[in-house]
Amino acid sequence: METDKLLTGTANGASGDYGSGSGTDCGSGSGTDHGGGPGSRRMSYSVAGELCSVEGGTEDEDLYIQQAVVFIEDAIQYRSINHRVDASSLRLYRWYYSRICQWFLGLTIAVVLLLAFVERPSSLSISSDPRHRSPPWEPPCGLTESFEMLCLIIFSLDLAVKSYLIGWEEFRKSKWLIAYTVVISVSIIDWMLSVSMVCDEKLRVRRLLRPFFLLQNSSLMKKTLKCIKRTLPEIASVILLLALHLCLFTMIGMLLFAKTEDPKKNEEWRLHFRDMPSSLTSLLVLLTTANNPDVMIPAYSLNRAYSIFFVAFSVIGTYCLMNLLTAIIYNQFRGYLLMSVQTSIIRRRLGIRAAFHVLTCQGAQQAAEERVRVDAVLLVMSRVQMKSYYRAAITKETRQNADLGYMDREQFSKIFDELDKDRIKEHPPLPQYNSPVLQRLQVVFSHYYLTILGNAVALANVICISTFLVLNSEKSTTKRDNFLMEIINLCFILYYLFEMCVKIFAFGWRGYLSYRNNIFDGFLTILLLILQITIYITYRLPYSHWDPSSHSVMSLWEMIRLVNMLIVFRFLRIIPDIKLMALVASTLLDLVKNLRAFAGILVVVYYVFAVFGIWLFEGAIKPPPEMSVLSNTTMENITSNFSMECGTYEQLAYWPNNFDDFAASIILLYDVMIVNNWQAFMEAYSRYTTDWSKIYFVCWWLTSSVMWVNLFVALILENFIYRWDRSHSCSVTDVERIRYETSVQLMFKEQIQEPTEEELLCQLHQHPHLHLHG
């Protein structure tokens with residue numbers, strides 16, 4: 001999960017993640033001291049050659065080490081250093097940001113969000129189709145409420161710890177923490193009302209507030225939300241131009257396709273331009289190309305010149321204005337994100353600078369010369385919680401100064417440049433064999449050509465499976481020649497086992513497992529071998545006269561189908577051997593790891609709109625009873641809202657897509673986000689409820705499809721281009737060995753301006769719990 005920052009300063013240290021406050025301008029190199037909270041330890045450090053001391057005693061040098069450890073951990077995670085620095089607070093701080101504690105907090109957030117699938121209306125049914133949906137299991141009153149209250153108690157403890165660690169003065173300036181307090185309070189009040197009403201209330205306000213817990217726990221998610229908020233005014237002009245374009249063509253369309261005396265020429269008017277709302281809706285949907293060419297066919301069939309109107313609308317709106325809107329959204333958001341990333345880089349440099357300062361306070365003579373002992377740095381690095389390969393690299397750089405015994409400020413800062421470097425994974429050396437024959441075999445089996453041969457055999461296996469699927473596509477499972485397919489698969493699996501064994505012989509166990517594609521390949525090979533043994537034991541192959549449908553839990557065809565799926569899945573082993581494909585796959589993995597904050601915002605938006613959808617439209621669309629036996633003519637007599645016209649919700653049998661429960665709402669929102677036939681949902685809910693329901697669907701389309709999906713695609717491109725520029729000169733082997741450190745901060749590193757020494761010292765002066773005197 002994303003590591004939360006207690007406070008976030010801007011480039012001049014003026015604002016925080018949870019709120020903003022005023023501060024002095026760090027560009028001038030001066031700062032103002034802020035008082036710490038009650039019980040904070042007063043510290044006094046040297047800035048430019050002055051002696052440093054701790055009020056209350058100078059013998060506790062372990063405190064300096066502990067402070068340096070925490071400051072470096074803050075720098076690694078891009079956290080703010082504006083927290084309490086006394087010994088007990090630092091222990092609490094490290095415990096709070098430990099992996100176990102953060103994972104437990106993330107699990108609590110996941111539980112409180114997943115409650116929406118179990119609460120009334122429950123999503124615990126096999127189908128969401130109201131025509132044949134069985135009544136879902138409804139939890140008894142108090143079950144989900146108990147889990148929710150437990151989560152709220154944990155969130156309250158989380159709020160208390162955060163508030164204590166930053167102090168009361170910083171808490172009052174923190175908008176996020178104040179909002180956190182309000183959300184927890186409102187949720188508890190709403191929970192009490194729900195329990196007092198025996199869980200029979202229609203509206204649960206706290207369900208709408210739950211995504212806030214996900215937002216506030218991710219600093220990068222909060223940055224993203226802030227950037228989106230700042231981007232909205234920048235795109236207002238293009239949205240206004242798009243609205244003007246839509247209204248202008250709507251009026252022209254109503255004039256072109258006005259009702260005439262000839263009923264044969266009124267189809268376009270009747271279907272799409274009857275009034276202003278229907279005209280706006282038709283052209284808005286055409287803007288997404290979802291109803292093209294249906295919307296123009298009635299007019300185009302009368303006169304081909306009418307196509308000019310629709311083509312002009314689509315070219316200007318869809319291909320010009322919409323793409324221009326996407327470009328502006330990405331460009332403006334990228335600019336604000338760059339500013340936010342600049343703040344993160346300043347935090348890293350500030351944490352390293354603060355660690356250097358506290359380490360200089362281990363002795364007056366070192367403080368006067370502003371240098372730190374190498375053994376102190378090594379001690380700090382041994383205690384810092386970080387990835388082992390980064391610790392090893394930094395420790396190696398530190399030991400290079402062991403002869404001098406001391407490190408100055410520049411040397412100390414330089415060793416942490418290792419955090420921004422790519423990790424190059426070194427594979428273990430090949431095992432040594434004394435026999436010349438074994439050595440020759442090792443050379444053969446470790447050659448790259450063996451991998452190419454394995455890929456060719458895997459391709460041949462997939463082709464065989466495809467051929468059998470094509471030849472047997474019209475046959476039922478009982479008439480297929482499963483015996484022949486099984487024998488062919490067995491031959492291929494034996495080769496896969498041979499390939500795995502000779503690679504283990506050539507590379508050794510450690511060398512074999514050091515390649516990720518070997519782990520993937522070996523796991524599937526062993527799984528396929530187990531399935532083959534199971535098939536042999538169950539059906540006594542090679543006897544081919546057994547009836548597969550009468551044996552065991554799974555028939556022979558079902559087991560062979562599982563084997564075939566695993567073989568097809570195993571063919572993905574070719575990805576690491578094709579450079580561009582490997583780069584694309586690694587980019588997708590990096591998106592999961594490093595850009596999950598952007599997907600998290602989308603989850604929040606989905607959650608909020610799904611809750612609103614349930615509030616507004618739950619049970620709005622109900623299918624007629626026994627509709628399968630009714631004719632199209634009698635259906636219209638059942639309800640005035642029902643319609644079986646071509647392309648409608650009812651005619652397309654979209655009944656499973658509804659807002660009757662949370663899971664169904666998520667799927668319906670996804671269908672609208674894809675914008676394929678989204679007009680069917682909008683038109684149906686406007687018929688069954690009110691025309692104002694269209695506002696809900698248009699808002700969701702603008703939020704998800706226009707803004708967020710385009711932004712997410714742009715960031716995927718940014719990530720891929722970043723990796724491509726760094727790896728275009730590498731070989732396939734190098735791409736496999738190098739672990740590119742792709743994060744939002746590193747993606748924009750070249751555009752980021754490093755903070756000056758004066759700016760760092762100014763922000764150290766503004767620390768609410770440290771006092772520096774120069």
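Predicted model: local features only at pLDDT ≥ 70, side-chain atom pairs only at ≥ 80, totals over all residues.
Colleague: Let's start with helix α2: which of its residues are buried?

Modeller: Helix α2 runs over residues 87–96. Buried means under 20% relative accessible area. In α2 that label goes to S89, L90, Y93 and Y96.

Colleague: How wide is the arc that those residues cover around the axis?

Modeller: S89, L90, Y93 and Y96 are the buried ones in α2. They sit on the same side of α2, because the arc they cover around the axis is only 125°.

Colleague: And which exposed residues does the face of α2 turned away from its buried side carry?

Modeller: For exposed, the relative accessible area has to be over 50%. On the buried side of α2, the cover includes α1 (61–76), α3 (99–118) and α4 (143–166). Turned away from that side, the exposed residues are R91 and W95.

Colleague: What about S80, then: which backbone nitrogen does its side chain reach?

Modeller: S80 belongs to the loop between α1 and α2. It counts as buried because its relative accessibility is 5%, with the cut-off being under 20%. At 3.1 Å, its side chain reaches the backbone nitrogen of N82.

Colleague: Over to F313: how far is it from L283 in space, C-alpha to C-alpha?

Modeller: F313 is part of helix α14, residues 307–360, and is buried at a relative accessible area of 0%. Neighbours within four places in sequence aside, its contacts are H245, L246, F249, L283, L286, L287 and T318. L283 is 30 residues apart from F313 in sequence, yet the C-alpha to C-alpha separation is 8.4 Å.

Colleague: What is phi near for C199?

Modeller: C199 is in the loop between α6 (175–196) and α7 (205–209), and it counts as buried at 4% relative accessibility. It is a residue other than glycine with a positive phi, near 60°.

Colleague: And A653, is it buried, partly exposed or exposed?

Modeller: A653 lies in the loop between α26 (632–635) and α27 (662–674). It has a positive phi of about 55° although it is not a glycine. Its relative accessibility is 36%, and the middle class runs between the 20% and 50% cut-offs. So A653 counts as partly exposed.

Colleague: Last one: which elements give two or more residues to the lining of the second largest pocket?

Modeller: That pocket has a volume of about 1000 Å³. Of its 28 lining residues, the closest to the centre are L271, H272, E645, T648 and E683. By class, the lining has eight nonpolar, eleven polar and nine charged residues. The elements asked for are α11 (267–272), α12 (276–287) and α28 (678–688).

Note on methods:
Residues numbered from 1 in each chain as written. Heavy atoms only, no water. 1 Å grid on protein atoms, 1.4 Å probe; cavity = no way out; pocket = protein on both sides within 12 Å on 5 of 7 lines; lining within 4 Å. Points joined across faces, edges and corners; volume = space filled by probe spheres on them. Helix = DSSP H or I, 4+ residues; strand = E, 2+ residues; numbered from the N terminus. Nonpolar A, V, L, I, M, F, W, Y, C, P; charged D, E, K, R; others polar. Buried < 20%, exposed > 50% of the residue type's maximum accessible area, 1.4 Å probe, protein only. Arc of directions from axis to C-beta. Contact = heavy atoms within 4.5 Å. Polar contact = N/O pair within 3.5 Å; in protein donor to acceptor, adjacent residues only side chain to side chain.
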